[in-house]
Amino acid sequence: MTAEARQSSASMRESILTPEERDEFFRSKGYLVIPDALSPEDRAALPDIDTDDPYHRRQMEAVFGAHAHGAGFDPFYRTMLLWDETMAQAVAEYVTSQGRDKRLVVFAGGGHVAYGVGIPRRAFRRAPVPYLTVLPETD
């Protein structure tokens with residue numbers, strides 16, 4: 001692996017948190033309970049978040065119904081929006097910084113890519129380059 005590839009890989013890794021890292025980060029910063037409690041610096045570091053996609057909201061309502069617990073749907077949805085937008089921002093930054101002839105493979109949970117309304121649509125909004133989503137076949 002070249003030094004450039006290692007650096008790109010490291011910067012992508014820093015941008016896309018694991019679920020455990022994300023949850024701990026959000027809890028420590030107050031995202032789950034009081035989004036307005038963020039400092040101006042933390043708020044400025046957030047990606048642009050589109051809250052107006054009714055298809056994404058419906059998909060997340062279905063996911064939440066299968067995992068319902070805790071504080072309710074709205075904190076869950078804000079967390080998912082932030083997570084999807086953060087990953088989409090990282091994807092868009094990578095594909096635009098490396099040029100259109102480069103390829104990127106993103107491994108993400110099905111809920112983040114199903115129906116194209118999570119990461120794919122949000123990344124495309126930032127960097128309109130062709131993409132392909134592959135999902136496993138389910139019964």
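**Figure 1. Met80 in helix 5.** Met80 is a residue of helix 5, where helices (H or I, at least four residues) and strands (E, at least two) are DSSP runs numbered from the N terminus. This is a predicted model, in which local features need pLDDT of at least 70 and side-chain atom pairs count only at pLDDT 80 or more, while totals for chains, interfaces and linings use all residues. Residues are numbered from 1 along each chain as its sequence is written, and side-chain values use heavy atoms, with hydrogens and water left out. Met80 has a relative accessible area of 9% and is therefore buried; buried means under 20% relative accessible area, exposed over 50%, and partly exposed in between (1.4 Å probe, protein chains only). Residues up to four places away in sequence set aside, Met80 touches Met60 and His112, a contact being heavy atoms within 4.5 Å. Gly118 lies 38 residues from Met80 along the chain, and their C-alpha atoms are separated by 8.9 Å.

**Figure 2. Leu81 and its contacts.** Leu81 is found in helix 5, which spans residues 73-98. Its relative accessibility is 3%, so Leu81 counts as buried. Apart from neighbours within four places in sequence, Leu81 is in contact with Ile49, Asp50, Thr51, His56 and Arg122. From Leu81 to His112 the distance is 9.6 Å, C-alpha to C-alpha, although 31 residues separate the two in sequence.

**Figure 3. The side chain of Arg122.** Arg122 belongs to helix 7 (residues 119-126). Because its relative accessibility is 2%, Arg122 counts as buried. The side chain of Arg122 makes a polar contact of 2.4 Å with the side chain of Glu85 and another of 3.3 Å with the side chain of His56. A polar contact is a pair of N or O atoms within 3.5 Å; within protein, one must be able to donate a hydrogen and the other to accept it, and residues adjacent in sequence count only if both atoms are side-chain atoms. Not counting residues up to four places away in sequence, Arg122 touches Asp50, Asp53, His56, Leu81, Asp84, Glu85, Ala88 and Val117.

**Figure 4. Tyr115 in a loop.** Tyr115 is placed in the loop between helix 6 (110-113) and helix 7. With 74% relative accessibility, Tyr115 counts as exposed. Phi of Tyr115 is near 60 degrees, a positive value in a residue other than glycine.

**Figure 5. The largest pocket and its lining.** The largest pocket holds about 760 Å³ of space. Helix 5 and helix 7 are the elements that give two or more residues to its lining. On a 1 Å grid over the protein atoms alone, a pocket is an open set of points where a 1.4 Å probe fits, with protein on both sides within 12 Å along at least five of seven lines; lining residues have an atom within 4 Å of a point. Grid points are joined across faces, edges and corners, and the volume is the space filled by probe spheres set on the points. In total, 26 residues line the largest pocket, and Leu104, Val105, Val106, Tyr131 and Leu132 lie nearest its centre. Helix 7 supplies the largest share of the lining, four residues.

**Figure 6. The protein chain as a setting for the close-ups.** The protein chain has seven helices and zero strands. Of its 139 residues, 29% are buried. Among contacts between residues at least 6 apart in sequence, 66% join residues at least 24 apart.
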